[in-house]
Amino acid sequence: MLGMYVPDRFSLKPSKVQEGIGLYTARRIKKGEKFGPFAGEKRMPNELNESMDPRLMWEVRGSKGEVLYILDASNPRHSNWLRFVHQAPTQEQKNLAAIQEGENIFYLAVDDIETDNELLIGFLDSEMEEIEEKEEEEVVSKDEESSKDFQPSGDKDVLNDKEGYACPQCESSFRSQEILAEHLQSLHQKPTEEKEFKCRNCDKKFPVKQALQRQ
């Protein structure tokens with residue numbers, strides 16, 4: 001059986017947020033201090049009924065978020081002093097947050113708590129988590145759009161090339177006459193080969209007639 005020992009840094013007084021006794025600070029508590037673990041009887045979810053007080057219970061979850069069991073502090077013989085910490089009426093009024101480490105529930109001070117203040121439990125603020133999740137969703141969405149636009153091995157270009165200008169010297173094809181002309185000059189013009197086609201505008205000569213049609 002667990003005793004109802006209360007550390008000397010705390011005191012028990014009538015609660016200001018609900019009927020019964022509440023837990024108060026006997027000295028200043030600094031943000032980040034941790035208390036616990038919360039003690040109670042282990043119960044399975046199907047063992048609960050409407051007569052039980054959910055304010056004295058915490059779910060213990062597994063790595064995938066599934067409920068492993070419920071810690072029930074209803075029975076003083078199987079609980080500890082943390083059962084006197086009540087739920088904050090609003091998130092703004094909380095000064096503690098419940099956190100799970102392994103299969104243990106601890107209470108974490110989320111603010112500096114001055115002497116003679118009632119300890120009130122709430123959940124950790126999730127605003128930053130929601131923002132991070134939203135940003136991750138946006139990144140994933142952009143990545144998915146990019147993957148749709150991108151076609152490996154240049155399939156899109158190959159389709160366009162086949163509808164364009166074919167090289168008379170090889171099986172390559174191009175989207176424009178200009179690219180074809182550059183291809184012919186760089187790959188198919190032999191150093192000793194005499195240029196056969198002369199441009200009337202610039203007097204340059206090219207190995208194939210298509211090169212004369214560059215814009």
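How do the residues of the lining of the second largest pocket divide into nonpolar, polar and charged? I looked that up and found ten nonpolar, four polar and three charged.

**Ground rules**

I am reading a predicted model, in which local features need pLDDT of at least 70 and side-chain atom pairs count only at pLDDT 80 or more, while totals for chains, interfaces and linings use all residues. I number residues from 1 along each chain as its sequence is written, and side-chain values use heavy atoms, with hydrogens and water left out.

**Entry: the pocket**

I noted a volume of about 220 Å³ for the second largest pocket. Of the 17 lining residues, I find Arg 55, Leu 56, Trp 58, Gln 87 and Ile 121 closest to the pocket's centre. Strands β5, β7 (86-87) and β10 (120-122) are the elements that each give two or more residues to this lining.

My reminder on terms: on a 1 Å grid over the protein atoms alone, a cavity is a set of points where a 1.4 Å probe fits but cannot get out, and a pocket is an open set with protein on both sides within 12 Å along at least five of seven lines; lining residues have an atom within 4 Å of a point. Grid points are joined across faces, edges and corners, and the volume is the space filled by probe spheres set on the points.

**Entry: strands and hairpins**

I take strands (E, at least two residues) and helices (H or I, at least four) as DSSP runs, numbered from the N terminus. Two strands pair if DSSP finds at least two bridges between them.

I followed β5 (residues 57-61) to β6 (residues 67-72), and the two pair in the antiparallel sense over five bridges.

Next I looked at β8 (residues 96-101) and β9, an antiparallel pair with six bridges. Here Ala 97 stands opposite Leu 108 in β9. This hairpin has two residues between its strands, and Gly 102 takes a positive phi near 65°. β9 also runs antiparallel to β3, joined by two bridges, with Phe 35 opposite Tyr 107.

**Entry: salt bridges**

How many salt bridges does a search of the whole structure find? I count nine, each being a side-chain nitrogen of Lys or Arg within 4 Å of a carboxyl oxygen of Asp or Glu. Side chains of opposite charge can pair when their charged atoms come close.

I checked Glu 33 and Arg 9, whose side chains meet at 2.3 Å, N to O. Glu 33 lies in the loop between β2 (21-25) and β3 (34-35) and Arg 9 in the segment before β1 (10-14), so this pair ties together parts 24 residues apart in sequence. Arg 9 counts as buried at 17% relative accessibility; buried means under 20% relative accessible area, exposed over 50%, and partly exposed in between (1.4 Å probe, protein chains only).

Arg 43 and Asp 72 form another salt bridge, with their closest N and O atoms 2.7 Å apart. This one links distant parts of the chain, from Arg 43 in β4 (residues 41-43) to Asp 72 in β6, 29 residues apart. Asp 72 is buried, with a relative accessible area of 1%.

Arg 55 is partly exposed at 48%, and Asp 53 is partly exposed at 25%. I also saw a network of salt bridges linking Arg 28, Asp 112 and Glu 114.

**Entry: details in the loops**

Is Ser 79 buried or exposed? Ser 79, in the loop between β6 and β7, is buried at 0% relative accessibility. A polar atom of its side chain lies 3.3 Å from the backbone oxygen of Asn 75, and the side chain of Ser 79 reaches the backbone oxygen of Pro 76 at 3.5 Å.

I marked a cis peptide bond from Gly 36 to Pro 37, with omega near 10°; Pro 37 sits in the loop between β3 and β4. Last, I looked up Asp 116 in the loop between β9 (104-109) and β10. Its phi is near 65°, a positive value in a residue other than glycine, and Asp 116 is partly exposed at 40%.

Terms used. Nonpolar A, V, L, I, M, F, W, Y, C, P; charged D, E, K, R; others polar. Polar contact = N/O pair within 3.5 Å; in protein donor to acceptor, adjacent residues only side chain to side chain.
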